[in-house]
Amino acid sequence: MHLSEVEAVARARRGDPSAYAALVEDNQQAAFRAAYLILRDAAAAEDVAQEAFVRAYRNLAAFREYDAFRPWLLRIVTNLALNEHRARRRRAGLGERLAGLLRPVAGPPADASLVAGEQASTLASAIDRLPANDRVILHLRYFLELDEEEMARVINRSRGTVKSRLHRAGRRLRELIEREFPDLRD
Amino acid sequence: MNDRRLEELIFAAAAATRYPPTPDLAGSVLRRLQAPLAATPRLRPTPRLRPRPGLLAALALAVLALVTALALSPTGDALARLFGVRGSTIGPLPTPAAGVTPTPLPPPDRLGPGARRVPLAEAESLAGFEALLPAGLRPEAVFVLQYERFRVLVLQFDGFDLWEAQLEQQASFGKLAPAGTEVRETQVRGRDAYWLSGEPHIVSYMDGPRSIQSSVRVVERNTLVWRTQAAFYRMETDLSLQDARRIAETLP
């Protein structure tokens, strides 16, 4: 079945599960990757993406029919993933202690998913060290390649706010590079 | 470093990023949507129930009456068939009518009244079955609870409480989930399990259709419910689902 997004949303709102399945299929990669960029854990990203689709369905009535579905979905994904990320940080000490008892083998390093050039890998590591809001804005723009309008819908702010947050994140990244990754400067 | 150079580097990092394969989510999402709690899109958010300090006994009785009423009603039977593993029924806490202020839940209670702390060996003797322990972990404290003729073990570890029971055919734990409680299907050792998270939910021990008053309590922590051939388990925890399952998988 191939439906336009507007038609799929309209049919899903009327309770057509196949229409919503089509929306899931069209957007699952973006949702999963957005969650993965924040969590760096495939299983957790899958859980978050699934949860986001369920919540999006439950709230379809609140969705404005002619808006783009993907930015709205990514807003839910991003919020859920950030919540999960914060919860993981809170639980980190206890969770790691228990995990260590049960599974002493260490997991892969945080940047294991990056295999291209050394600079790219180093820069990705630098981005991962930025505050969460800075990381998200950079991921949305450069990794998921959203334009400013879409980003504004994801973070539920104006385009002006998107610009200022991008600028701030870039400045912080540049400062981090100057301070800790001098090899990237040239 | 100028803006252009920085952008080039970020785009290069983005292009070099390898992602795990995207899972096929349509099937799992639709299965969850077909569950009763999510049968139709909501037109507006359901009013949330929040625990408040200062429990009045009357409110606890109201909760108890609600638990019992749901358990006795045909709706409760239907929910019992659709949610939960054998020995555990999960249903939604009815939402108040428009304009009606929801009754506050009692404050969370980790064990409920009547819990008795005893050494592990004594607990096993009282319960009549051997406590089953997660691999590599020893409980910091052990409690026994008695509901009528039935005993339940609660093993407290750093970060989670593990409730163990060997339930008879007619016995079960009933759970009432407010709108803010997420009920997620999952699995432990290939068996159906449920993960309750979000807002607090209500648990009571049901002896057949009857809710045992002393067992009614509000659980604030996330809860993983599953059963094996060996026992019925409930883990109440602050851990993530992933960590909770990792521990649960080590139980027989």
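Predicted model: local features only at pLDDT ≥ 70, side-chain atom pairs only at ≥ 80, totals over all residues.
Local features need pLDDT of at least 70 and side-chain atom pairs count only at pLDDT 80 or more, while totals for chains, interfaces and linings use all residues. Residues are numbered from 1 along each chain as its sequence is written, and chains are lettered from A in the order in which they are written.

**The largest core.** Select A:Ala31, A:Ala35, A:Val48, A:Ala49, A:Ala52, A:Phe53 and A:Val77. Of the 58 residues in the largest nonpolar core, these touch the most other members. (Such a core is a set of buried Ala, Val, Leu, Ile, Met, Phe, Trp, Tyr and Cys residues joined through C-beta atoms within 7 Å; buried means 20 or more other C-beta atoms within 10 Å of the residue's own, with C-beta atoms placed from the backbone.) Now colour helix H2 (residues 17–39) of chain A, a DSSP run of H or I with at least four residues. H2 gives the most to this core, 13 residues.

**One residue up close.** Centre on A:Ala49. Beyond its neighbours within four places in sequence, A:Ala49 is in contact (C-beta atoms, placed from the backbone, within 7 Å) with A:Gln28, A:Ala31, A:Phe32, A:Ala35, A:Val77 and B:Leu25.

**Chain B.** Of its 252 residues, 37% count as buried.

**Where the chains meet.** Select the contact: 54 residues from chain A and 41 residues from chain B. On the chain A side, H3(A) supplies the largest share, 10 residues.

How values were computed: Buried ≥ 20, exposed ≤ 12 C-beta atoms within 10 Å, placed from the backbone. Helix = DSSP H or I, 4+ residues; strand = E, 2+ residues; numbered from the N terminus. Contact = placed C-beta atoms within 7 Å.
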